[in-house]
Amino acid sequence: MSTRSKIEISTELLRRLHRIHRQLTDLRSQIDRCPRQIKAGEAMVVKAESDVLAAQSEVKKAKLASDEKQLQLQGRELHIEDLKAKLNMAASNREFSLLNEQIAADDKASSVLSDEILEGLERIDVLESKLAAFQEELQDQQVEHSQRVKEVEAKQVTLRSELARVEAELESSENEVPASIKAEYKRITAAKGEEALAPTDGDSCGGCYQTLTTQVMSTLHLSQLVRCPNCNAFLYLPEDRRV
Ligand SMILES: [Zn+2]
């Protein structure tokens with residue numbers, strides 16, 4: 001402890017200042033969280049949108065593949081018709097049986113293709129119901145998000161007016177800070193916020209847990225200003241300790 005002159009300061013004032021600084025820290029961090037809450041909601045909407053787009057593109061791909069197979073099938077069927085017409089004009093038994101074999105082979109291929117087309121249509125059904133689920137999810141997310149934005153904005157208004165009220169309370173309480181230490185107090189609270197003040201915790205500083213000397217403790221009991229020699233906080237006795 002230096003030879004600095006003794007400055008009387010009310011323990012109640014220090015407690016009140018610390019409480020106000022803590023409230024300010026809490027209010028400011030709640031206000032800071034608001035835009036992040038909105039951003040997090042936006043991210044969920046974006047994710048739901050991309051799920052819808054991906055599902056739409058899957059449906060589109062499956063439909064294109066199915067259309068292509070339908071065209072192949074039509075081509076094959078025309079070809080079979082063609083072979084059947086030739087069958088009637090076959091010049092020899094050999095040609096007739098060759099054509100018949102070809103028709104049988106083409107019929108078989110057509111039926112495989114028809115099965116594939118059916119499977120493809122079933123797959124399209126599955127993909128379309130998946131898409132519908134994603135679209136529903138997107139709608140839910142959009143509704144939830146606009147609700148969330150409204151809530152967060154309303155909360156921000158409340159928090160800002162609460163902040164203004166507490167800032168005014170701080171200003172009026174700071175008027176009670178002794179003039180000789182006001183500048184130093186302002187400098188340290190501007191730099192450290194709520195950590196500029198600390199209650200004692202037993203015989204330790206409640207800010208940095210450094211053990212305090214008996215001299216520091218007795219100075220505190222005399223309601224004189226004392227700083228923690230370690231973290232420089234303005235020390236005060238907590239509520240449960242009588243001054
Ligand atoms: Zn300390």
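Q: Is Asn 232 buried, exposed or partly exposed?
A: Partly exposed, because its relative accessible area is 35%. Keep in mind that this is a predicted model.

Q: Where is Asn 232 found?
A: Asn 232 is in the loop between H4 and strand E3, with E3 covering 234-236.

Q: And what's phi doing at Asn 232?
A: Phi of Asn 232 is positive, near 75°, and the residue is not a glycine.

Q: Which loop holds Tyr 209?
A: The one between strand E2 (204-205) and helix H4 (214-221). Tyr 209 is a non-glycine residue with a positive phi too, about 65°.

Q: Tyr 209, buried or exposed?
A: Exposed, because its relative accessibility is 55% and the cut-off for that class is over 50%.

Q: What does UniProt place at residues 204-235?
A: The unreviewed UniProt entry has "domain: C4-type zinc ribbon" at residues 204-235. In the model, that stretch is 25% helix and 12% strand.

Q: How far apart are the end C-alpha atoms over residues 204-235?
A: They are 10 Å apart.

Q: What about residues 124-176, what feature is there?
A: UniProt, again from an unreviewed entry, lists a "coiled-coil region" at residues 124-176.

Q: OK, switching to charges. How many salt bridges does a search of the whole structure find?
A: The search finds 15.

Q: Why would side chains pair like that at all?
A: Side chains with opposite charges can pair when their charged atoms come close.

Q: Give me one. What does Glu 12 meet in a salt bridge?
A: The side chain of Arg 16, with an N to O distance of 2.8 Å. Both Glu 12 and Arg 16 sit in helix H1, four residues apart, or about one turn of the helix.

Q: Is Arg 16 buried or exposed?
A: Buried, because its relative accessibility is 18%. Glu 12 is partly exposed, with a relative accessible area of 43%.

Q: Now Arg 28, which residue does its side chain meet in a salt bridge?
A: Glu 167, at 3.1 Å from N to O. Arg 28 lies in helix H1 and Glu 167 in helix H2 (residues 93-174), so this pair ties together parts that are 139 residues apart in sequence.

Q: How do Arg 28 and Glu 167 score for accessibility?
A: Arg 28 is partly exposed at 39% relative accessibility. Glu 167 is also partly exposed, at 33%.

Q: What about Glu 174, which side chain does it meet?
A: Lys 186, in a salt bridge of 3.0 Å, N to O. Glu 174 is in helix H2 and Lys 186 in helix H3 (residues 179-192), so the pair ties together parts that are twelve residues apart in sequence.

Q: Glu 174, buried or exposed?
A: Glu 174 is buried, because its relative accessible area is 5%, while Lys 186 is partly exposed at 40%.

Q: Which helix holds Asp 82, and how open is it?
A: Asp 82 lies in helix H1. Asp 82 counts as partly exposed because its relative accessibility is 40%.

Q: How far is Asp 82 from Ile 103, C-alpha to C-alpha?
A: Those C-alpha atoms are separated by 9.6 Å, and the two residues are 21 apart along the chain.

Conventions. Residues numbered from 1 in each chain as written. Predicted model: local features only at pLDDT ≥ 70, side-chain atom pairs only at ≥ 80, totals over all residues. Heavy atoms only, no water. Helix = DSSP H or I, 4+ residues; strand = E, 2+ residues; numbered from the N terminus. Buried < 20%, exposed > 50% of the residue type's maximum accessible area, 1.4 Å probe, protein only. UniProt positions renumbered as here; feature names shortened; annotations may be inferred. Salt bridge = Lys/Arg side-chain N within 4 Å of Asp/Glu carboxyl O.
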